[in-house]
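Keep the structure open beside you as you read.

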Amino acid sequence: MASISLYLVIVFSFVSLLFFSSHAQLSTNFYATTCPNLPTVVRGAMTQALNSDSRIAASLLRLFFHDCFVNGCDASILLDDTSTFTGEKNAGPNANSARGFGVIDTIKSQVEASCAGVVSCADILALAARDGVALQGGQSWTVSLGRRDARTASQTAANNQIPGPSSSLSTLVTMFSAKGFTAAEMTVLSGSHTIGQAGCASFRNHIYNQANIDPAFATTRRANCPSTSGSGDRNLAPLDIQTPTRFENTYFQNLVAQRGLLNSDQVLFNNGSQDALVRTYSQNNARFLADFAAAMVKMGNLSPASGTQTEIRTNCRRTN
């Protein structure tokens, strides 16, 4: 009887470890022996993806941000909806705009071929986001690894915890503070909008109805974004009108010139608390890149709540 009890305790302990381990203790050499070529595989796949789609770096950076802001960096955003499961892909901030899932699938397949059942989708997304920034001219950073993949997701949290394009400065400060970021870190992370594009619906109100915008810039953007809601909602415009596929401080130069595409961009430079920092970044690219890299390390350390069920998914789109 004693041996049976001991066996059950061991089995229960193993199952608990398998499904409830968090990634509180991340490590830069987590896969050094189990999947040593992981960084090479991810970098190669990202290079190829960028050669085919110059937007993909921005798309994966956004995916990583939207993932981490909802119960930590756990790849919950990658889970598809099913008849019995509602994920985060169709939440307001993600529906018809989140993209890059196929690239993550491709990387995951290549990683699985090399070291099956070892590397989490959450870690792949973290590495891909970093490599995309670096490949488009940004400063690289060290990605600690050992994240695990969530078995759950929360559309409600995605709807409520991810800042929207019409956010005010006070809303941005509050929402980032809730995740442990300072106002300065919020501002530098907003610099991710130095690459990528946005749909007309997300900036229509800013270019037609607000005063803190350069008139000539507003006119340019209106040419491809009709004033009527529902008309051309998904027409794209670059978030950085100068160098939309180059990761550098031109985003902040645009803000100083009142050429921020989104309201949530321009509020960073609008006679408010972040004006001085925006001006500093607009004049000092090295400072921006270094501060951004440091803030991304902090972003990557956002962990799921204690007790969250986790695993290493075989397919990033569904639980095992």
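How are H8 and H14 oriented to each other: roughly parallel or roughly perpendicular? Before the answer, a word on what you are looking at. This is a predicted model, in which local features need pLDDT of at least 70 and side-chain atom pairs count only at pLDDT 80 or more, while totals for chains, interfaces and linings use all residues. Residues are numbered from 1 along each chain as its sequence is written, and side-chain values use heavy atoms, with hydrogens and water left out. Helices (H or I, at least four residues) and strands (E, at least two) are DSSP runs, numbered from the N terminus.

Now for the helix pair. The axes of H8 and H14 lie 9 Å apart, and the two helices pack at an angle of about 110°. H8 and H14 are therefore roughly perpendicular to each other (angles of 65 to 115 degrees count as roughly perpendicular, under 35 as roughly parallel, over 145 as roughly antiparallel and the rest as oblique). Axes here are lines fitted to C-alpha atoms, for helices over the stretch in contact, and angles run from 0 to 180 degrees between N-to-C directions. On the H8 side, the contact (heavy atoms within 4.5 Å) is made by Glu185, Val188 and Leu189. H14 brings Phe288, Asp291, Phe292, Ala295, Met296, Lys298 and Met299. By class, this contact has 7 nonpolar, no polar and 3 charged residues (Ala, Val, Leu, Ile, Met, Phe, Trp, Tyr, Cys and Pro count as nonpolar, Asp, Glu, Lys and Arg as charged, and the others, Gly among them, as polar).

H14 has another partner to look at. Helix H13 (residues 275-283) packs with H14 at an angle of about 115°, with their axes 5 Å apart. That makes H13 roughly perpendicular to H14. Leu277, Thr280, Tyr281 and Gln283 in H13 meet Asn285, Arg287, Phe288 and Asp291 in H14.

Back in H8, find Thr187. With 0% relative accessibility, Thr187 counts as buried (under 20% relative accessible area; exposed is over 50% and partly exposed in between, with a 1.4 Å probe and protein chains only). Leaving aside residues up to four places away in sequence, Thr187 touches Phe252, Leu268, Gln274, Leu277 and Val278.

On a 1 Å grid over the protein atoms alone, a cavity is a set of points where a 1.4 Å probe fits but cannot get out, and a pocket is an open set with protein on both sides within 12 Å along at least five of seven lines; lining residues have an atom within 4 Å of a point. Grid points are joined across faces, edges and corners, and a volume is the space filled by probe spheres set on the points. The largest pocket holds about 1,200 Å³ and is lined by 42 residues, with Arg62, His66, Pro93, Ser97 and Ala198 nearest its centre. H3 provides the largest share of that lining, 7 residues, and both H8 and H14 are among the elements that each supply at least two.

Searching the whole structure finds 1 cavity of 30 Å³ or more. The largest cavity has a volume of about 70 Å³, and H14 gives the most to its lining, with 3 residues. Among the lining residues are Phe64, Trp141, Arg147 and Met296.
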